[in-house]
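The questions below go through a structure step by step, and each answer ends on what was asked for.

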Amino acid sequence: MSVSGQKPLSNAWQNWWRFSRNPTAVVGAIIVITSVTLALLAPYVTPFPEHVGAVVDFANRHQAPSAVHWFGTDNVGRDIFSRAIFGLRVSLLLAVVVLGLAIPVGVVLGLLAGYFGGWVEIVIMRVTDIALAIPPLVMALAVAAVLTPSLTNSMLAIALLWWTWHTRLIYSITRQLRSQEFVEAAETLGASRAHILFREILPNCVSAIAVKTSLDAGFVILIGAALSFLGLGIQPPTPDLGTMVASGASFLPDYWWESVLPGCAILFVAMGFNLLGDGLRDLFDVEDVR
Amino acid sequence: MEFLAFLLRRLGWSLLVLLGLSVVIFTIARVVPGDPARMALGPTASADQVASLQESLGLNDPMFQQYATFLHGLARGDLGRSLLTEQSVTADIAKTFPATLELVICTILLAFALGVPLGVAAARWKDRWPDNLVRALAIGSAVMPTFFLALLLQILAGYVLNVLPTTGRLPGGIDFDAGWTGLVLVDSLIAGRGDVFLEAVRHLFLPTIALAAATMGQIARITRASMIDVSRQDYIEAARAFGVPDRLRMFKYMLRPAFVPPLTITGLEFASLIGNAFVVELIFSWPGMASYGIRAIVQKDLNAIMGVVMVSGVFFVVVNLMIDLLVGVVDPRVRIRGSRA
């Protein structure tokens with residue numbers, strides 16, 4: 001009991017309070033939650049869910065934004081707002097799958113390299129260097145060219161390189177932690193290596209991973225959008241924001257909304273994840289995570 | 001001497017990285033697709049044609065021998081023939097690379113020329129409006145899709161204001177190819193062609209801004225952070241206590257050590273800059289290596305794709321070596337201790 005007779009705030013509440021005082025983080029969280037909700041509920045919240053497929057309505061083509069069509073219509077008369085919301089699904093799916101594959105691999109390799117050192121460290125970190133030298137976009141392009149362009153192949157190609165950033169991050173944290181007393185204590189008590197890696201060191205990496213994941217989600221979405229802009233993402237008629245920008249670009253500048261507004265949607269989501277990551281970084285006080 | 005040893009060691013590692021890169025590229029091009037000969041000839045070719053191309057490409061040799069042949073060619077600068085242009089890939093890339101190099105050099109110069117002063121200003125007036133502006137710029141440039149920024153610039157400067165050319169390297173009327181460095185800016189100056197130089201600058205304007213934005217934001221952010229870091233050091237406190245003028249303290253004693261992190265970041269993020277160059281070149285019809293690469297990808301021209309990825313990797317490695325050298329120049333501690341700070 002504290003002096004005033006009230007129970008002290010729990011840890012979670014303290015964190016929540018600090019989080020809610022951070023405008024960047026809150027705005028970011030709101031954007032992310034809005035995007036995810038809209039994407040999940042896309043069939044129910046969009047005004048023209050049937051426009052997702054290969055529908056044509058030539059009477060309504062190239063309509064400027066209006067109360068009926070918030071983002072206007074495209075060259076075959078489909079509602080761009082509805083398609084953009086469905087496009088969010090593809091972007092978010094891409095981020096989830098790529099990070100879901102890349103983070104576990106990157107984190108485990110980073111832990112191993114940082115804790116064991118020696119040959120393990122040399123091999124893992126050199127492979128990381130090689131992967132860093134390949135531009136992810138170029139790699140994805142090459143893979144898409146060799147296989148067939150599809151969402152799955154793009155995701156695989158990006159994930160193949162993305163783990164490196166997490167490996168580098170966890171590696172540097174682990175190296176700092178390796179000589180700390182609590183780790184040495186665990187070693188002295190004869191804890192298994194798995195216990196030390198995953199129960200002693202890993203929990204200390206969680207906040208850094210959270211920040212990195214949030215920032216990364218934005219960047220993965222940008223790369224995915226660039227790929228589909230180049231025609232190597234998910235194939236039509238499934239709506240995709242990058243593809244929409246590309247197909248709208250041939251009608252610039254007269255029908256500007258056809259590429260500019262889907263582009264703004266990409267910007268919106270990427271901004272949300274970035275602000276959230278930035279805010280989390282302040283909250284957890286992990287300065288060096290980018 | 002320590003620094004020389006450090007550079008030599010880095011050079012050794014770089015060669016190893018390139019060797020690893022060649023394995024990755026070989027795997028993508030030869031192992032993944034199943035049958036490169038069938039891919040090259042298309043579905044209409046007869047089985048005999050495919051078999052004879054397989055034989056002449058050496059595809060029936062064991063995988064290890066194929067890789068050795070590939071590596072041997074690579075060491076001599078032979079990347080094979082492009083199926084698309086029917087010329088050697090090396091010649092094709094040599095022809096297109098200078099345009100990309102010119103774009104990338106201008107991009108990095110612009111990113112530093114704007115990013116560092118912005119970062120310094122933000123650190124100088126921390127938590128005041130210049131700082132908030134720079135932070136907003138940094139986030140904005142980080143989340144702006146490069147292809148979208150390129151399109152917006154094209155609409156704004158090309159169509160709405162109609163002040164700048166939106167495609168190509170030079171206007172159609174000017175046919176300038178001195179063939180010395182391949183960099184139009186440099187060649188036109190050597191040739192004393194001021195008109196060509198001005199046109200080249202005008203054409204470079206938009207693609208450079210589109211490509212530089214993301215890097216500039218990063219540099220501004222990192223410069224700000226490292227300036228603030230340095231300002232908390234004891235020797236800066238001491239300088240302040242001794243009454244060393246603000247400006248002198250900022251530019252002579254703080255900026256130099258604070259300059260290392262932005263340099264390192266630029267090297268690390270150089271790969272994503274090359275990736276973005278693909279999009280920018282495509283949008284602005286810039287006749288560079290990336291445009292060539294995109295054509296190769298659309299046409300499934302395997303040798304050309306491998307060549308472009310390989311050259312991108314070499315470009316990355318070379319730039320990072322140069323940055324190591326620069327860091328040694330800026331930070332004498334690195335020269336003595338022999339490692340990156």
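Q: In which helix of chain A does A:Thr174 lie?
A: The model is a predicted one, in which local features need pLDDT of at least 70, side-chain atom pairs count only at pLDDT 80 or more, and totals for chains, interfaces and linings use all residues. Residues are numbered from 1 along each chain as its sequence is written, chains are lettered from A and ligands numbered from 1 in the order in which they are written, and side-chain values use heavy atoms, with hydrogens and water left out. Helices are DSSP runs of H or I with at least four residues and strands are runs of E with at least two, numbered from the N terminus. On that basis A:Thr174 falls within residues 151-178, which form helix 7.

Q: Is A:Thr174 buried or exposed?
A: Buried means under 20% relative accessible area, exposed over 50%, and partly exposed in between, with a 1.4 Å probe and protein chains only. Because its relative accessibility is 0%, A:Thr174 counts as buried.

Q: Which residues does A:Thr174 touch, not counting those up to four places away in sequence?
A: A contact requires heavy atoms within 4.5 Å. With residues up to four places away in sequence set aside, A:Thr174 touches A:Gly110, A:Leu111, A:Gly114, A:Tyr115 and A:Ile201.

Q: How far apart in space are A:Thr174 and A:Leu202, C-alpha to C-alpha?
A: In sequence, 28 residues separate A:Thr174 from A:Leu202. In space, the C-alpha to C-alpha distance between A:Thr174 and A:Leu202 is 8.3 Å.

Q: What share of the contacts in chain A with a separation of 6 or more joins residues 24 or more positions apart?
A: The secondary structure of chain A consists of 12 helices and zero strands, and 52% of its 290 residues count as buried. Among its contacts with a separation of 6 or more, the share from residues 24 or more positions apart is 74%.

Q: How many helices does chain B have?
A: Chain B has 341 residues, 50% of them buried, and its C-alpha trace spans about 85 × 55 × 40 Å along its principal axes. Its secondary structure has zero strands, and the helices number 16.

Q: How many salt bridges are counted between chain A and chain B?
A: In the interface, 44 residues of chain A are in contact with 44 residues of chain B. The buried area, meaning the accessible area (1.4 Å probe) that two parts lose on being put together, summed over both, is about 3800 Å², with carbon and sulfur atoms giving 83%. For a salt bridge, a side-chain nitrogen of Lys or Arg must be within 4 Å of a carboxyl oxygen of Asp or Glu. Between chain A and chain B, the count of salt bridges is zero.
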